[in-house]
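Hi,

Here is the structure I said I would pass on.

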Amino acid sequence: MVNVKLVNLTKVFGKEVAVDNVNLEIEHGCFFTLLGPSGSGKSTTLRMIAGLEEPTNGEILFDGKPVTRLPPYKRGVGMVFQNYALWPFMTVFDNVAFGLKIRKFSKEEIKKRVREALRLVQLEGMEKKYPHQLSGGQQQRVALARALVVNPKILLLDEPLSNLDAKLRIEMRREIRKLQRSLGITTIYVTHDQEEALAISDKIAVMNHGRVVATGTPYEIYINCSEEFILSFVGHTNFIEGKVKSILGDGRVLIETPLGDFALKNAEGTSKKTYLLGFRPEYAKLTKKKTRPNAREAKIVVKEFLGKFTRYEVKVDDQTIVVDVMAKDDPGYAEGDAVYIDLDEDHIIMVRD
Amino acid sequence: MRLKGTSIFPPIFPVNKLISHIIVPISLITIFSIFIVYPILVVIAGVFIVNGKFTLANLLTITYDPFISTIIINTLIMGGLVTLITLILAVPYTYILNRYDIPFKSFFLLITLLPFISPPYVGGLGYINMLGRQGVISLSLLRLRLIDKPLEIMYAITPIINPMTGARIAEIHWGLILICVLTYFPLMALTFLSALQNVDESLEEEAYILGSKPMTTFFKITLKSAMPGLISGIMLVFISFVDEIGIPLIVGYRNVMAVAAYEAIEESSFYYTPRGYVLSLLMITIGLLVLFLGRKYISLSRYVSVVKGAARYRKIVRIRGIKRILVMSFMILMSILLSIGAIGVIIAAFAERWYLTPLPTKVGLKNFGVVFDEYFTLFRNSIIYSITSMIIGIIMSALISYIMVRMKISYSSVLDYILTLPLVVPGVVIGIGTWAIWRGTPLDPFLNPITIIALVIAFRKLPYAFRGIHASTLQIPPEFEEVGLTLGASRIKTLFKIMLPALAPALVAGGLLAFIAAMTELSSTLVLSATKSAGSLTVGIFLALTDIRHGPTVASAIAMIIIVTCLIVSYLANLFAKKTIGGLRLF
């Protein structure tokens, strides 16, 4: 088990800054996810940790020792790629045994370890098959076994699930998580799928334009974060403009918005005239009658039935707001219906700029 | 996301980068250039520099020497005609093959491949056997009293007269055009076929939905989308004609550039001859023009996309009634024309007695016996040249492809240009330049012909090995090696344990293609083999034709040996090509 530290890590390709001054500390045994849209620099960061890309600037430390100038084959990491990169001309056994052969293990030892690794990923008896004879999920497991069989210090996973179908993706992410827990191996996982990141990680670093925008547990990232980028990238957030009406005595400010007036806690203590506010679609209610004075008139524009909840797109004046209603609470509005929208004051976030 | 073109060779050790990015690629390309670029430069210099002084006198002969100007006009006009006729025949043939529900499709496809695997002018030998004055068809028609004079189509010449002066400015040799059209037909058909297969079907469907008629759709959508393939076909055919030396020699016509240049240099006993050099310069100019104008279309790296969509599903159009009869007649007529050459070669190869009768009066294996008795050296030479081409082709292509694909070198487009040169610069020119360079050295073609010919052929045929190997290298994901690196293998180890096995089938297939290309090479061998003992089997065909004891039957037997060898090798090449990553197809 190893902890990983990135210090001022920067990578420039030509004129393009792919990774911009990234500082991260990944504790040993942690399942750490780099989450971001494509082009955010997350894969490049991972490749620098693996040694496949040399940083333009900065240091990478494993357990406090710098490895920045070390070639990949001296770093002792295991890596799984998005396309699995299984060698098509080798059997499953030979694929998994590659790292052991390089390390000059004895024949018996190699056999034993390969069998053990394949058992770990539930692929016993598949030794003699070739990659093209396996399903996508099985190929993924072989890639995982090949990375794990050499007992790497760190496991690096670069979008490993994005080539699988939706159901298998959820199954495999549970398995990867279980495997990681039982081995206790420090794992760095790269994905653009925020749901996957929330489900699988101990900690998440959200990246955008080569920079780390925020780090935290999945809960912190989803619930507490007030960064505009994260609010819109992780899940959906409705944004509304608010004007300060008055400052209340208890550290709160009364803000006027198109959706009503709200008394919000001013956590940052800034004194601005206008604020950008955000709230998640599940923290608004739609009602037929006006139940509270703060509720505003709204018109249903689009209705999307998504199974466990219904997503309504409503118009309030000329602002579009998305509201999620759990299926069991859904009165079943139709497109064109006039309703009232009412926000949950406790879940309105003042967006940081 | 990973950025495109990222190198897996981080410059962790600057020394390594110097070797891998500069020293190795530059030395490879230097070796290549010695045998391809240097001869071209020597020929160009030979035109402008005489006795150490710069002069335009040689170049100006174009303006007053009627022989040179006739030859230029002949070559351009006939090259244009050949290209045009090939185009007019190949486009419908390919389109029908690709889109209509006609029977015997694989047969019609196979027929187009036939001239492809036999040396081009060998077909010419067959056409003479069939259509010549004393050919099968001419003599049959005479027997049947359908004609009273032998067929002259293979020798008919139409002069082009300047109406102002009444002087003959050029001529059209129809036999030459006929054989060239039929020989180059596959080049056009196959490039157009892969382009057709890559046309997005939905584009055509969209046009139909919007009310476009089939003809309009064909010209406005299909043909336009397949244009790059068509242009590459046009250029290949035109360049092949400029380069052609075998077919004119077989029909006995000498007034085209390549032949005239060859004869000029031969008459001067392989020393400096202004006329040969000026003609060579012109051929280089045409080649370079094609290279720069058509760069987009004949780029070696483009080959990948041409190959990729080879097996795509395509909706087949049903045709009935009179249209079906017309289409089938056209296909049958074309396939007869395309196969006549091969049939002619086969009949003659087995003919033991054949004198002024439509068919041989005695058949047997005697001709092959003669070949093995008297032309065995040439057979041995051919094998030496082919194997050298295979080995050099594999090693050079593997190294250069790997460097071009995996390392971000700034001059990789320059490499691509240089490697394409042998496809556009005629072998005669390379041969003439090679004489000038190596006279009086240990590699003098008079003293040591086998070595220099083997090397020249090998580098001239390098593109045939290179394009398949390069395409395959592009298909291998960089992650293959990167996984190896993370698992503890050094770069050398990943190169040998991962990259080499991954590329192996492509290397073998590419090597075999270079083997075939070398086996069928004629022009530079003809120029460089000053003595009979250095020639290849292809040169042997001409030796046999001009030897009164042997003649066309023995020449045909030699041709058959070449064809059979190439058939076997191309079958093997295809077997390996199927195993390459990404399922590269060669034909």
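Below is what I found, going chain by chain and then into some local details.

First, keep in mind that this is a predicted model.

**Chain B**

Chain B is built from 28 helices and six strands. Its radius of gyration is 25 Å, close to the 25 Å that the globule rule gives for 587 residues, so chain B is as compact as a globular protein of that length. Along the principal axes, its C-alpha trace spans about 80 × 70 × 55 Å. Buried residues come to 48% of the 587 in the chain. As for contacts in chain B with a separation of 6 or more, 78% are between residues 24 or more positions apart.

**Chain A**

Here the count is eight helices and 20 strands. The box around the C-alpha atoms of chain A, again taken along the principal axes, is roughly 80 × 45 × 35 Å. Of its 353 residues, 39% are buried. If you take the contacts in chain A between residues at least 6 apart in sequence, 65% of them join residues at least 24 apart.

**A helix crossing in chain B**

How do α3 and α14 of chain B sit relative to each other? Their axes come within 9 Å and cross at roughly 80°; an angle from 65 to 115 degrees counts as roughly perpendicular, and the two helices are therefore roughly perpendicular to each other. On the α3 side (residues 57-64), the contact is made by B:N58, B:L59, B:T61 and B:I62. From α14 (residues 274-293), B:P274, B:Y277 and B:V278 take part. Sorted by class, that contact has five nonpolar residues, two polar ones and no charged ones.

**Two positive phi values**

A:A85 has a phi near 50°, which is positive in a residue other than glycine. You'll find A:A85 in the loop of chain A between β6 (77-80) and α2 (92-102). Is A:A85 buried or exposed? A:A85 has 24 C-beta neighbours inside 10 Å, so it counts as buried, the cut-off being 20 or more.

The other spot is B:R145, also not a glycine, with a positive phi of about 55°. B:R145 is in the chain B loop that runs between α7 (136-143) and β3 (157-161). With 7 C-beta neighbours inside 10 Å, B:R145 counts as exposed, because the limit for that is 12 or fewer.

Cheers

Conventions
Residues numbered from 1 in each chain as written. Chains lettered and ligands numbered in written order. Predicted model: local features only at pLDDT ≥ 70, side-chain atom pairs only at ≥ 80, totals over all residues. Helix = DSSP H or I, 4+ residues; strand = E, 2+ residues; numbered from the N terminus. Rg over C-alpha atoms; globule rule 2.2 N^0.38 Å. Contact = placed C-beta atoms within 7 Å. Axes fitted to C-alpha atoms, helices over the stretch in contact; angles between N-to-C directions. Parallel < 35°, antiparallel > 145°, perpendicular 65-115°, else oblique. Nonpolar A, V, L, I, M, F, W, Y, C, P; charged D, E, K, R; others polar.
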